[in-house]
Structures are given as structure tokens and as C-alpha cells.
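Visitor: I am new to this structure, and I would like a close look at a single part of it. Please take one sheet and go through it slowly, explaining the terms along the way.
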Amino acid sequence: MNLHNYCNCVKPLTSKFPFFCLLAGCLLLLPIGCITSVGTPPRSGIVQVNLITAPVALDFDGQPGPDGISVRVYANTATDAKPVPIHEGTLELLLFDGPFRQQYTPPVLKNFRFTAEELRQHKSEVNIGTAYDFALPWGENLPTQRTMSIAARYTSPAGKIVLSRPNSITVRSQ
């Protein structure tokens with residue numbers, strides 16, 4: 001096979017080939033990826049409040065017998081997957097003397113109220129987001145039942161109320 005025959009067997013480039021090379025090169029120069037917003041996300045209102053408690057009352061003062069409870073609170077918005085900080089409004093933690101039952105709400109034993117400013121001292125960042133930790137002594141308001149309950153109530157500056165589900169805590173074993 002001579003050089004002339006070899007050159008004849010190679011097909012010449014069509015006019016479309018340079019166009020595709022140019023197009024591919026241009027596409028490689030374009031930035032590819034996701035666009036995310038920069039800065040702080042817009043604040044949306046708290047829509048859910050969740051509690052985690054120890055299952056039993058605790059001894060805070062070293063004297064025999066329990067005298068309070070421990071609770072962790074998480075607040076969620078409709079747009080954030082993780083719990084968020086509470087920047088405004090108030091959070092109340094309500095201790096109830098007894099368990100919740102169908103058609104029965106036990107009497108309030110004690111109400112702890114925290115403004116957004118006061119919540120800062122209870123705030124911590126944990127793996128799942130922002131949490132608020134509290135040690136709540138009941139003081140002179142002693143529970144009379146074997147079990148007590150706690151619930152959280154968040155009130156926005158506009159007056160919107162968000163309630164947690166109540167948790168039951170064993171006060172004494174009888």
C-alpha cells in the first residue's frame with residue numbers, strides 16, 4: 001500500500017466535526033454545579049417544639065429525695081431540617097402534677113418562663129442542631145402524684161402559640 005492509497009482510505013473531516021469540537025470546548029468552560037444562596041437564611045417562625053427528659057425526677061441538692069427534673073428542648077421551623085435557635089418570643093416549660101389522660105389535664109405545678117434573651121444561657125449546639133438544656137427544681141411546689149408531666153409552650157412575638165407533646169416523668173416509686 002503506497003502513501004497515495006493510504007491517504008485515500010482515510011475519510012476527510014466533515015464540516016460538522018469542528019463545530020462539535022468547538023461546542024464541547026465551550027461547555028467545558030462553563031461552570032457546572034448547584035447554586036446556593038449566600039448569607040443567612042430567612043427567619044421563619046417556629047412551628048414545632050420537642051422535649052427530651054430523663055425518665056425520672058432528679059436529686060439536685062444532695063438531700064434525700066428528688067427535687068427537680070432535667071429537660072432538653074428543640075425548636076423547628078417549617079423550612080429547616082435541623083432544630084434552630086429561638087431568636088424571639090418566649091418559651092415556657094410547664095410542670096403538671098400528674099399524667100395527662102383522655103379528657104384530663106392535670107393542674108400546673110410550676111411554670112418556668114424564658115425570654116429569647118434568657119434562653120441564650122441554656123443554648124447549646126449539638127449534632128442535630130440547636131438545643132436548650134434546663135435543670136428545673138420544683139422548689140416548694142412539691143408534686144403530689146407518682147408521675148408528673150412537662151410540656152413546652154412557645155409564644156411568638158405575634159402571639160402564635162406552639163405546644164409540645166407532654167412527657168411523663170416518674171417522681172417516686174410507689
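Guide: Strands here are DSSP runs of E at least two residues long, while helices are runs of H or I of at least four residues, and both are numbered from the N terminus. The model is predicted, so local features need a pLDDT of at least 70 and side-chain atom pairs count only at pLDDT 80 or more, whereas totals for chains, interfaces and linings use all residues. Residues are numbered from 1 along each chain as its sequence is written, and side-chain values use heavy atoms, with hydrogens and water left out.

The part to look at is an open sheet of four strands in the order β1-β2-β6-β5, paired antiparallel, where two strands pair if DSSP finds at least two bridges between them. The edges are taken by β1 (46–53) and β5 (123–126), and because each has a single partner strand, one side of each is left without a neighbour in the sheet. On average, neighbouring strands of this sheet are turned by 35 degrees against each other, direction ignored; such angles come from axes, which are lines fitted to C-alpha atoms (for helices over the stretch in contact), and run from 0 to 180 degrees between N-to-C directions.

Strand β2 (residues 68–77) runs antiparallel to β1 and is joined to it by seven bridges. Eight of the 10 residues of β2 are buried, so β2 is largely enclosed by the rest of the structure; buried means under 20% relative accessible area, exposed means over 50%, and partly exposed lies in between (1.4 Å probe, protein chains only).

In strand β6 (residues 129–137) one finds T130, which is buried at a relative accessible area of 3%. The side chain of T130 makes a polar contact with the side chain of E125, at 2.9 Å. A polar contact is a pair of N or O atoms within 3.5 Å; within protein, one must be able to donate a hydrogen and the other to accept it, and residues adjacent in sequence count only if both atoms are side-chain atoms.

The largest nonpolar core has 28 residues, of which I69, V73, L93, F134, L136 and I150 touch the most other members. At least two residues of this core come from each of β1, β2, β3 (90–96), β4 (108–115), β6 and β7 (147–155). A nonpolar core is a set of buried Ala, Val, Leu, Ile, Met, Phe, Trp, Tyr and Cys residues joined through side-chain atoms within 4.5 Å. In soluble globular proteins, nonpolar side chains tend to be buried together. Leaving aside neighbours within four places in sequence, I69 is in contact (heavy atoms within 4.5 Å) with residues including F134, L136 and I150.

F134 itself is buried at 3% relative accessibility. The whole structure holds two aromatic pairs, where rings of Phe, Tyr and Trp (its six-membered ring) pair if their centres lie within 6.5 Å, and planes under 30 degrees apart count as stacked, over 60 as edge-to-face and the rest as tilted. F96 and F100 form an edge-to-face pair, 4.9 Å centre to centre with 75 degrees between the planes. The rings of F114 and F134 have centres 4.7 Å apart and planes at 40 degrees, so this pair is tilted. The pair links distant parts of the chain, with F114 in strand β4 and F134 in strand β6, 20 residues apart.
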